[in-house]
Amino acid sequence: MSIWIFLPALALVSGILASIYLLVEWYKHKERLRFPLLWAIALFLMYWFQLPVILNNSGKVVTATNFNFFFAITLPIGWIAIFLVYLGALSVLGFNLKKRQKTIIAIWFLAALLFFGYNFIINEGVISSYAFPIVGNIVFYLPLHLLIIAAFFRRFFQPLHGKKLIFFFGSLAIVGASVLGIIRNFIILKSVLAYPPQFWYLVLTSQKVFFALQTSSIILLVLGFFLLHHWHYKSVNVQV
């Protein structure tokens, strides 16, 4: 089996298993903390986008017309997944946003839904403008990755209870996934301008480095979620 089939398949399988594990853990504990549920849903939304990569690398012909709907929802669904990662991070880190911060985040989230929804509904799943991938990455994806990184760096400088090493490596994994996400954002911006916007996702499927980074991000998230879940329930076990 080619490594370019194995890696996305590994991300797909690990994402499914981790999503099920987190969902079971969320249901099992009486506290019903938010972060396991949020992260389980996030992984569920993320790992399906490995399918076109697996098909493409296994020799199947992936065409834009066959995957218009699938490609069109990649950006909005992926953004919602990362937004859930951010909310889960706030929960496990014990951060409560102030009213003003919640209002700003809510307006930004609504703006993202309107932007992605408008482009998706008006164009019926066909991406016909550079605005969709460019604005989507600069205005919505990039700040979200930076928010996740900032949340963990803020927590590093606060008193920490429990097994610090587990927390450190779990946090490092999620921060690493966000850094790779930022790199992917710039790869998208560099790639889409060289071809008609309708083919932006197909262009990316031919760039193995992009999906190697995406696969690595999912694996890092799975590792980070597991470690931070263990840190919280086994070492801290306080309600967030």
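Good morning. I begin with Phe35, which is buried, at a relative accessible area of 0%; buried here means under 20%, exposed over 50% and partly exposed in between, with a 1.4 Å probe and protein chains only. The model is predicted, so local features need pLDDT of at least 70 and side-chain atom pairs count only at pLDDT 80 or more, while totals for chains, interfaces and linings use all residues. Residues are numbered from 1 along each chain as its sequence is written, and side-chain values use heavy atoms, with hydrogens and water left out.

Phe35 belongs to helix 2, residues 34–46. Its C-alpha lies 7.4 Å from that of Leu87, at a separation of 52 residues in sequence.

Next, the overall chain. It contains ten helices and zero strands, where helices (H or I, at least four residues) and strands (E, at least two) are DSSP runs numbered from the N terminus. Of the 240 residues, 50% are buried.

I turn now to helix packing. Helix 7 and helix 8, the latter spanning residues 164–192, pack at about 160° with axes 10 Å apart. Axes are lines fitted to C-alpha atoms, for helices over the stretch in contact, and angles run from 0 to 180 degrees between N-to-C directions. The two helices are therefore roughly antiparallel, given that angles over 145 degrees count as such, under 35 as roughly parallel, 65 to 115 as roughly perpendicular and the rest as oblique. Helix 7 passes helix 8 in a left-handed crossing, meaning that the near helix is turned anticlockwise from the far one by less than a right angle. Their contact comprises 19 nonpolar, six polar and one charged residues.

Helix 5 and helix 7 pack at about 15°, again with axes 10 Å apart. That makes helix 5 roughly parallel to helix 7, and this crossing is left-handed.

Finally, which residues lie nearest the centre of the largest pocket? They are Tyr86, Leu90, Leu97, Gln101 and Arg154, out of 13 lining residues. A pocket is an open set of points on a 1 Å grid where a 1.4 Å probe fits, with protein on both sides within 12 Å along at least five of seven lines; lining residues have an atom within 4 Å of a point. Helix 5 (74–93), helix 6 (99–122) and helix 7 (131–156) each give two or more residues to the lining, and helix 7 supplies the largest share, four residues. By class, the lining has nine nonpolar, two polar and two charged residues. Thank you.

Note on methods:
Nonpolar A, V, L, I, M, F, W, Y, C, P; charged D, E, K, R; others polar.
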